[in-house]
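Visitor: Could you take me through one part of this model up close? I'd like to hear how it sits among its neighbours.

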Amino acid sequence: MVIECKHVWGYISDYLDAALPEDIRLDVQKHLEHCEICSAILDSTRNIIILTADERVFELPGGFSERLHARIDMELKGTGDD
Amino acid sequence: MTKQNDNEAAMIASILAGDAQLYHDLIRPHERSVYMMALSFVKNEADAEDIAQEAFLKAFRNLSSFRAESRFSTWLISITLNEARSRLRRQTIVRMESLDDPPDDGEVASPALLRDWREIPSEALERQETRQMLQDAVISLPTIYRQVFQLRDIEELSVKETAETLGISVPSVKVRLHRARMMLQKQLSPLLKSVNPSPKRRWLLWS
């Protein structure tokens, strides 16, 4: 079946997750082979996901770990004997 | 179950048997995800840190109720969500955002038609502006989309685990994830400027 760009956009997320039913996946793939716009959108979305998941993007505030473990130490001292 | 799960189960057993200091090691790999989940609620670093600390303390106090059939990471995130929700209720800071969040059904989000993001390599993350741009984009997502995006694409939970953790259905996870990804694509794409007019090999500058 021939599908239009706007339908492909609705499938991009499931396509990336390999979660589309086989017949729809083939239709989307066929469309992507000849549609430069949709394949660019797919690739950029995939790349944005990869970049965002990189640990360097979201870092903990400075001293977060030290403060957390100090607080846990206080808790452990308080309950250590039971 | 993975090696990490086995390892965590063994550590939890030791902690419950009395080696409480091991709790420090148990939680180290989860600090970032707990903090980020808290931050998705309050959008304020100090409050998020407070919620994260409380969540880790509650998890410690309730460790004996952890059931090995679930993952420690998802259990921790559930505790964090509860902590954040009850904190918001207590503070009666009635954030209207959840009411303003667009419903799950509705029109298809149309993506931006720029294509530059596919050409950005991970080395670009060395630059503070790039990291900031991605952070801002994720933080600006409405909470319901941000949480799903974070659990699926950053913490890499399965669709099913994400649904269970957030207490929503699997189809809702899929719809929200799709919206989140499309919103990020749409928001981020125009932020790039291509400086080389050649369509094949472009060098990109951040705007």
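Guide: A quick word on terms before we start: two residues are in contact here if their C-beta atoms, placed from the backbone, lie within 7 Å. Bear in mind, too, that this is a predicted model. Let's look at α3 of chain A, residues 36-53. α3(A) has 18 residues and runs 26 Å from its first C-alpha to its last, close to the 26 Å expected at 1.5 Å a residue. Its buried residues are Cys38(A), Ala40(A), Ile41(A), Leu42(A), Ser44(A), Thr45(A), Ile48(A), Leu51(A) and Thr52(A). What do the buried residues of α3(A) pack against? Within chain A, they meet α1 and α2 (22-34); from chain B, the partners are α7 (128-139), α8 (143-154) and α10 (170-188).

That brings us to the contact between the chains, which takes 32 residues from chain A and 38 residues from chain B. On the chain A side, α1 (5-16), α3 (36-53) and α4 (64-79) are the elements giving two or more residues. Our helix, α3(A), has the largest share of that side, with twelve residues. By class, the chain A side splits into 16 nonpolar, nine polar and seven charged residues.

Nine residues of domain 1 of chain B are in contact with ten of domain 2. On the domain 1 side of that contact, α3 (31-42) and α5 (72-91) of chain B each supply at least two residues, and α3(B) gives the most, with five.

How values were computed. Residues numbered from 1 in each chain as written. Chains lettered and ligands numbered in written order. Predicted model: local features only at pLDDT ≥ 70, side-chain atom pairs only at ≥ 80, totals over all residues. Helix = DSSP H or I, 4+ residues; strand = E, 2+ residues; numbered from the N terminus. Nonpolar A, V, L, I, M, F, W, Y, C, P; charged D, E, K, R; others polar. Expected span 1.5 Å × (residues − 1). Buried ≥ 20, exposed ≤ 12 C-beta atoms within 10 Å, placed from the backbone.
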